[in-house]
Amino acid sequence: MRQSAWTFVFAVLVLGCMTAGNARADWPQWRGPDGTGTAAQATPPSTLNPDTGENIRWTTDLPGDSAATPIVVADRVFTPAVNDNNRILAMGLDATTGEVLWSDDVAEGRQSRQRSRENNHAEVSPVADEEHVYFLFGTGDLIAYDHDGERQWHVNIVEAYGSIEILWGYGSSPLLLDGKLYIQVLRRDPASLLICVDADSGEILFTHERPSNARDESLEAYTTPIACNIDGQTQVVVYGGDALTGHDPATGDELWRFTEGLNPENHGMYRCISGPTQGLNGLIYLTTPRGHDLFAIEVTDNTPSLMWMREDVDADVPCPVYYDGGLFVFSGAKKRIYKLNADTGELVWEQRLDTSGYFRCTPTVAGGNVHVITADGELFILSAGDEFEQKSHVDLGGYPARASVAAAGNALYIRTGDRMICIAE
């Protein structure tokens, strides 16, 4: 009864947000309209053919690669890039035609030892609302644009709070919540922070230090903060530094902390890449680093407790995805995808995908299908149902394709290393 009632309340809140801000089934943030990795209203095709052009609406060449997921709001697609001169760009495209409408040169990119695989300071997914889009880069540049590319404000959080670059660069996307941007900086030194910025003005509203008992690289994280409903109240939840923590959105104050079993042997290389997900059943799902365990956490009265865990289901980079009572967990290294019962953790099915490539993306669920893409650009479309079914497997090319697929309306938007591709009937 408690869980059913909670599910109803949470669903009403989510539907209200989607109705108010995502009437066209936009993809406004890197985990989609409700932060679960799904686009419930999207209806993209399940088949395509790059050779014949079937369901390929448009393809646009881009100046360089980025692992950032495309952001789609209204008639715009937003993405960062790094060009051949190692300059970081913020870009806006026409969602209908793929035309590049504007491009803004922001700063010099990160000098990478291996450009095709390492962070180049343009890996953070932007976030957008009906009027503005907000880009954050590993240089600390945080810039608000209108949808036509006019700068509204610009601040640099590195100048104020020290370097945000960690071993593999910076990769945490901002969370936009009630007119505020929440940015996490989980690092070794100086102190880790949760930063809150006014989205209208760029004013820093507060910073909150987030302590950790982790050591060395385990202090670092590439995860993104998420908005969670805890006992009917919205909290900002942060994962990294061997801890999952809930914070008051008004002050950043820590309300609860879960650490049990996340790094029991205090390893020094447990950096977090896979971020948390809250399902519509209220549970928060997370995987531990280096391909270890899967946890389902419940928080009641600001007290977290472990509901279930699995030691045989893992994902080091992709985030868990909640959809229609199911939980999809993807081991990109093992090329194996699992569907579980989200309430109990019971295995529904598992399948190894037939490819020699590796994956960096988080799965995206839209139109009743799961979408994943290899770094070499092989797109897999799988049924999200209770039996495994592969609907499509096509080679789009464009190494390195590290971004997750975005879904909006009747289309998929796919960011490869050198192109943006729109798939629609």
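Student: Which residues does L379 touch, leaving out those up to four places away in sequence?

Tutor: In this predicted model, L379 contacts L48, V372, I373, S392, H393, V394, L396, V405, I414 and I423. The largest nonpolar core has 63 residues, and L379 and Y413 touch the most other members. A second, separate core holds 25 residues, including F206 and I297.

Student: How is a pair of aromatic rings described?

Tutor: The description uses the distance of the centres and the angle of the planes. There are 14 aromatic pairs here. For W102 and Y145, the centres are 4.9 Å apart and the planes at 35 degrees, so this pair is tilted. W102 belongs to strand β6 and Y145 to strand β9, 43 residues apart. Both W102 and Y145 are buried.

Student: Where do F359 and F380 lie?

Tutor: F359 is in the loop between β26 and β27, while F380 is in strand β29, so their pair ties together parts 21 residues apart in sequence. F359 is buried, with a relative accessible area of 1%, and F380 is buried at 0%.

Student: How do strands of a sheet pair?

Tutor: They pair through backbone hydrogen bonds, either parallel or antiparallel.

Student: How many bridges join β4 to β5?

Tutor: Seven bridges join these antiparallel strands. V82 stands opposite I88 in β5.

Definitions and conventions:
Residues are numbered from 1 along each chain as its sequence is written. This is a predicted model: local features need pLDDT of at least 70, side-chain atom pairs count only at pLDDT 80 or more; totals for chains, interfaces and linings use all residues. Side-chain values use heavy atoms; hydrogens and water are left out. Two strands pair if DSSP finds at least two bridges between them. Helices (H or I, at least four residues) and strands (E, at least two) are DSSP runs, numbered from the N terminus. A nonpolar core is a set of buried Ala, Val, Leu, Ile, Met, Phe, Trp, Tyr and Cys residues joined through side-chain atoms within 4.5 Å. Buried means under 20% relative accessible area, exposed over 50%, partly exposed in between (1.4 Å probe, protein chains only). Contact means heavy atoms within 4.5 Å. Rings of Phe, Tyr and Trp (its six-membered ring) pair if their centres lie within 6.5 Å; planes under 30 degrees apart count as stacked, over 60 as edge-to-face and the rest as tilted.
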